[in-house]
Amino acid sequence: KVLLIPKDPNDDKNVIVEIRGAAGGDEANIFAGDLYRMYLKYAESKNWKIELVTLEESDAGGFSQIEFTVSGESVYSLLKYESGAHRVQRVPQTESQGRIHTSTATVLVLPEAEDIEVEMNMNDLRIDTFRSSGSGGQSVNTTDSAVRVTHLPTGIIVTCQDGKSQHENKATALKVMRARLHDKIMQEKMEKEGEERRSKIGTGDRSEKIRTYNYPQNRITDHRIGFTIQQLDRVMEGKLEPIIDALIEEELKRKLSGEEA
């Protein structure tokens, strides 16, 4: 039965991931940094390759925003469930009273889009170059190698400054732009289709709270499928398999019951 279920056409694709600190100020940005480290370790365990696109470091640590590509085998099939709001409950380093705070960071996972999937007219793009800003005054580029691409019809902006050259940054920025335009088309299509998305987990509302990371109780809960494990410390070290396996299993179940219905 499982073999008869239509496969997601994006499953074998590489992805672009964006993590942003959301509600909770400094603590949200620190948590965004923790999530990046978690995905980095998970990617290492899978022999995937991570390349930074752009980042905005936060003064207190972590990132207000970080964007990176992940390439390797069947990346999207395992990371597609990560899009949404991730909530953390813990005592922040900045909290002297020992009170538990709740903060959120948002994650967006986009499959890389092929040229044939999305028509991107170069005349619709404005490409600006500027000087990269390095962290802490180190290795700040003296050339205008950073690239900002604006898609004029939609207003989508992509910045890339981590590559070694303007040429490399432009190529990466165009790849990210193509994925974002493809995602916009797919989101609009999903809104029209509506019903058929119910069996899918985690491709709905971007602001949907999908998971809570409770540090005092070493507990992690995925709210979409009501799955909880007391292994937060292991998960933050990149051991995401128990959660991802449970999500895959639940999606298969939903698809099977949809087929039978």
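Two strands count as paired here if DSSP finds at least two bridges between them, and strands themselves are DSSP runs of E with at least two residues, while helices are runs of H or I with at least four, both numbered from the N terminus. This is a predicted model, in which local features need pLDDT of at least 70 and side-chain atom pairs count only at pLDDT 80 or more, whereas totals for chains, interfaces and linings use all residues. Residues are numbered from 1 along each chain as its sequence is written, and side-chain values use heavy atoms, with hydrogens and water left out.

**The whole chain**

Of its 261 residues, 45% are buried, where buried means under 20% relative accessible area, exposed means over 50%, and partly exposed lies in between (1.4 Å probe, protein chains only). The chain exposes about 13700 Å², of which carbon and sulfur atoms supply 47%; these areas come from the Shrake-Rupley method with a 1.4 Å probe, and for residues only the protein chains shown count as cover. Among contacts between residues at least 6 apart in sequence, 61% join residues at least 24 apart, a contact being heavy atoms within 4.5 Å.

**The sheet of 8 strands**

Next, colour the strands of the open sheet whose order is β2-β3-β1-β5-β4-β9-β10-β11, with mixed pairing. At its edges stand β2 (49-57) and β11 (227-229), each of which has a single partner strand, so one side of each is left without a neighbour in the sheet. From one strand to the next the twist averages 15°, with axes taken as lines fitted to C-alpha atoms (for helices, over the stretch in contact) and angles running from 0 to 180 degrees between N-to-C directions.

Select β1 (residues 15-21), which is joined to β3 by 6 bridges and runs antiparallel to that strand; valine 15 has valine 70 as its bridge partner in β3. β1 also pairs with β5 in the antiparallel sense, over 7 bridges, and here the partner of glycine 21 in β5 is alanine 105. β5 pairs with β4 as well, again antiparallel and over 7 bridges, with threonine 106 of β5 as the bridge partner of alanine 85. β5 is mostly covered, since 8 of its 11 residues are buried.

**Phenylalanine 68**

Now centre on phenylalanine 68, found in strand β3 (residues 63-71). Why does phenylalanine 68 count as buried? Its relative accessibility is 0%, and the cut-off for that word is the one given above. Leaving out residues up to four places away in sequence, the neighbours that phenylalanine 68 touches include Val15, Val17, Ile19, Tyr36, Tyr39 and Leu52. The C-alpha atoms of phenylalanine 68 and valine 109, which are 41 residues apart along the chain, are separated by 9.9 Å.

α1 lies across β1, β2, β3, β4 (84-90), β5 (101-111) and β9 (209-214), and runs at about 110° to β4. Just after α1, asparagine 47 takes a positive phi of about 60°.

A nonpolar core is a set of buried Ala, Val, Leu, Ile, Met, Phe, Trp, Tyr and Cys residues joined through side-chain atoms within 4.5 Å. In the largest one, of 35 residues, Ile19, Leu35, Tyr39, Leu79 and Tyr213 touch the most other members. The largest share of this core, 8 residues, comes from α1. To look around isoleucine 19, select its contacts beyond four places in sequence, among them Leu35, Tyr36, Tyr39, Ile66, Phe68 and Val107. Apart from this core lies another, of 17 residues, which includes Leu125, Ile156, Val158 and Ala179.

**The sheet of 3 strands**

Finally, move to the open sheet ordered β6-β7-β8, with antiparallel pairing. Its edge strands are β6 (125-130) and β8 (156-160), each pairing on one side only. β7 and β8 are joined by 5 bridges, and threonine 150, which lies in β7 (residues 146-151), has isoleucine 157 as its bridge partner in β8. Threonine 150 is buried, with a relative accessible area of 8%, and among the residues it touches, not counting those up to four places away in sequence, are Asp124, Leu125, Arg126 and Met177.
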